[in-house]
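Good morning, everyone, and thank you for making time for this. I would like to walk through one structure slowly, going from its overall layout down to a few single residues.

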Amino acid sequence: MPTETRTTCPYCGVGCGVIATVAEDGAVSVKGDLDHPANFGRLCSKGSALAETLGLEGRALHPQIGDRSTDWDEALDLVAARFSETIATHGPDAVAFYVSGQLLTEDYYVANKLMKGFIGSANIDTNSRLCMSSSVAGHRRAFGADTVPGTYEDLELADLVILTGSNLAWCHPVIYQRIVAAKERRPEMKVVVIDPRRTATCDIADLHLALRPDGDLALFNGLLAHLADVGAVHCEYVANHTSGFPQALEAARGLSPDGVANATGLRRPEIAAFYDLFAATQKVVTCYSQGVNQSSIGTDKVNAILNCHLATGRIGRPGMGPFSLTGQPNAMGGREVGGLANMLAAHMALESAEDRDRVQRFWGSATVASKPGLKAVDMFDAVADGRIKALWIMSTNPVVSMPDADRVRAAIEACPFVVVSDIQADTDTARLADVLLPATGWGEKSGTVTNSERRISRQRPFIATPGAARPDWWQLAQIGRRMGFDGFDFTAPAEIFAEHAALSAFENDGTRDFDIGAHATIDAATYDALGPFQWPQREGTPQTESRFFANGGFYHADGKARLVPVSAPVPARTSSDYPLILNTGRIRDQWHTMTRTGKSARLSAHMAEPFVEIHPDDAAKLEIRDADLVALESPWGRAVLRALVTNRQQRGSLFAPMHWTGEFSNAGRIDALVAPVTDPHSGQPASKHVAVRASRH
Ligand code: SF4
């Protein structure tokens, strides 16, 4: 008989429910789960092709030391010994973990516990740093915690949906489909797309504001000033539940309407049309993603958006609120366990002595890291200059995906000891490993992920584990034990989830937002059957509210939100040597560095090779014709891509996808060009605003 397994898609932060069917002959097929509240049966092209990506081509099947296959005992003993020796000789900050939003929450929990709780360093950071850390920093500044206030349903209930810095149609396709369906049901619903490019998402836009890169801070500051000018501020909400409004407004008024037009590159009538729409519409949701976050002013941009929603009290009520769209399948779960170098576990604060003491007592550890660790870009700087001497990279491919990728590759090559855990043996990063540990992949592993609306769902296994592959949590627990630490006796993911849930509720009297204490004593059978649920789920109090902050209740000590004054100018990066602005991003049918989606011929047929989009006027000036090969150069690196001449692109700017690797050359490895410039609050790289030059190859 065929068997059906309910699981969750391993790609984007929408977190769609998937039903995987294994036929009697072993063939796997997938379909959307009609009962999953994220997608109600829908899947996008990537999710629909999941069964085509389960082949074992290129899989890591056995532990390897250098080029030699070995058994787990030898590999794990070596890793534990080298990490212990490095710590004994150079201190705990000489080692680091670079992890991933692809990890399951249970993997992430054990990694964070080992590094922050027992090794005693906070040098654990994640590729989620490249994806949404500006949202985390913005949430913490405004709300006092990293809380997403709303739900996907709000996007369907809104009368105005603003999509800023988000090509939703390609990057979160099922949410896009939900908005399309809602707009068909209620044609009066308006959609505004704010994006320098005319993307596929613009197909549903009533208004497309093709602003200048990084012009959104000025745009939302101008909006705050406009809301005050036309009396659209919710004075009671502002007085009772916020502080900082006068200062934020003063900063916003630093630009005149003409100043906003100059900073954004937009015409005053189109700005006015947007502002009037926002002021006149109660039910507004503002969705934002990488175009906001991946910026040297990303956190300020997030707070400029939050300021507008706080000033109007449009938050936490049906159809209203700011909404951060996370890129990865478990960026949210990673945040919950403290997988960022500047956070503790369960949304507790690394900078709080009380929180550190609480976590230390809960874990029974001798020491908990007392200062923030190195964020991704700084971490690889420390690898490059020798401060970090032992590095464990899990489920991610930084040789392709980090900014200044050539320098990152050189740093990893020169690092005295590098461990890589991955499902693939032949990634650009795995090839540099001293020890390669084979991990289990989607369809084989068991655990939980959290999507963009705080919904925790199970990933369940439905095919056999190949070769000697083992889950990441198991590998980490083995190393913890072999390094001599207590607290790593986990035998199954259910035990880890229960501990994680217990920590979220430990001495939590409601002053912390993340609390799933209702699951603190979950047993294996209940965990196996666990259906999707949104946090919080506090022990003894059934969930009655799935939104936050309609009536205040923020997580700053005084219970009030902060409107943050923000006023940074649009960064100026171009010069006569590098006159064009490069924007990097995703395409519809590939995921990250293509290690999984690259196995599907169907997905690869969508866009088969790396390309750069260029405006016809720029192409003519540079004598570049459609389909020519183009060399792109920045002060950090070089890539060669196929020209795609299109007026979707603004004059003076380029777009190139981030997926292609250096397997056959440096051809499309676009992150080699991206500057290691980061936001000062979040440490997130500015991957969408890179000064480059282009020439025919
Ligand atoms: Fe998977 Fe995202 Fe597509 Fe849903 S929208 S099927 S989570 S890639």
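Let me begin where two parts of the chain meet: 8 residues of domain 2 are in contact with 9 residues of domain 3. Please keep in mind throughout that this is a predicted model.

Now to the interior. In general, nonpolar side chains in soluble globular proteins tend to be buried together. Here the largest nonpolar core has 120 residues, and the ones with the most contacts inside it are Ala-111 and Leu-391. Helix α3, residues 105–119, supplies the largest share of this core, namely 8 residues. The core also draws at least three residues from each of domain 2 and domain 4. If we set aside residues up to four places away in sequence, which residues does Ala-111 touch? They are Phe-97, Val-99, Ile-124, Met-394 and Leu-476. There is also a second, separate core of 91 residues, which includes Leu-168, Leu-209, Leu-563 and Trp-591.

Let me turn to the sheets, and start with an open sheet of 7 strands, whose order is β5-β4-β16-β15-β14-β6-β7 and whose pairing is mixed. At its edges stand β5, residues 68–69, and β7, residues 124–126; each has a single partner strand, so one side of each is left without a neighbour in the sheet. Helix α2, residues 72–90, lies across β4, β6, β14, β15 and β16, and runs at about 130° to β16.

There is also an open sheet of 5 strands, in the order β10-β9-β8-β12-β13, with parallel pairing. Its edge strands are β10, residues 207–209, and β13, residues 321–324, each of which pairs on one side only. From one strand to the next, the twist averages 15°. Strand β9, residues 190–194, pairs with β10 in the parallel sense over 3 bridges, and the bridge partner of Val-193 in β10 is His-208. Helix α14, residues 298–311, packs on this sheet and touches β12 and β13, with its direction at about 155° to that of β13.

Which residues of α7 are buried? They are Pro-173, Val-174, Ile-175, Tyr-176, Arg-178 and Ile-179, and what covers them includes α5, β8, α6 and β9.

For contrast with those sheets, consider a hairpin made by β2 and β3, with 5 residues between the strands. These strands, residues 17–22 and 28–32, run antiparallel and are joined by 5 bridges, with Ile-19 opposite Lys-31 in β3. In the turn, Gly-26 has a positive phi of about 90°.

That brings me to some backbone details. Most residues other than glycine have a negative phi, and most peptide bonds are trans. Ser-395, in the loop between β14 and α18, has a positive phi near 60°. Is Ser-395 buried or exposed? Ser-395 counts as buried because 24 other C-beta atoms lie within 10 Å, and the cut-off for buried is 20 or more. Asp-404, in the loop between α18 and α19, has a positive phi near 50°, and Asp-404 is likewise buried, with 25 C-beta neighbours inside 10 Å. As for the peptide bonds, a cis bond with omega of about 5° joins Trp-535 and Pro-536, and Pro-536 is found in the loop between β19 and β20.

I will finish with Glu-236, which is found in helix α9, residues 235–241. Glu-236 counts as exposed because it has 9 C-beta neighbours inside 10 Å. Glu-236 and Ala-311 are 75 residues apart in sequence, yet 9.7 Å apart in space, C-alpha to C-alpha.

Methods: Residues numbered from 1 in each chain as written. Predicted model: local features only at pLDDT ≥ 70, side-chain atom pairs only at ≥ 80, totals over all residues. Core = buried A, V, L, I, M, F, W, Y, C linked by C-beta atoms within 7 Å. Buried ≥ 20, exposed ≤ 12 C-beta atoms within 10 Å, placed from the backbone. Helix = DSSP H or I, 4+ residues; strand = E, 2+ residues; numbered from the N terminus. Domains from an automatic or database assignment. Contact = placed C-beta atoms within 7 Å. Pairing = 2+ DSSP bridges. Axes fitted to C-alpha atoms, helices over the stretch in contact; angles between N-to-C directions.
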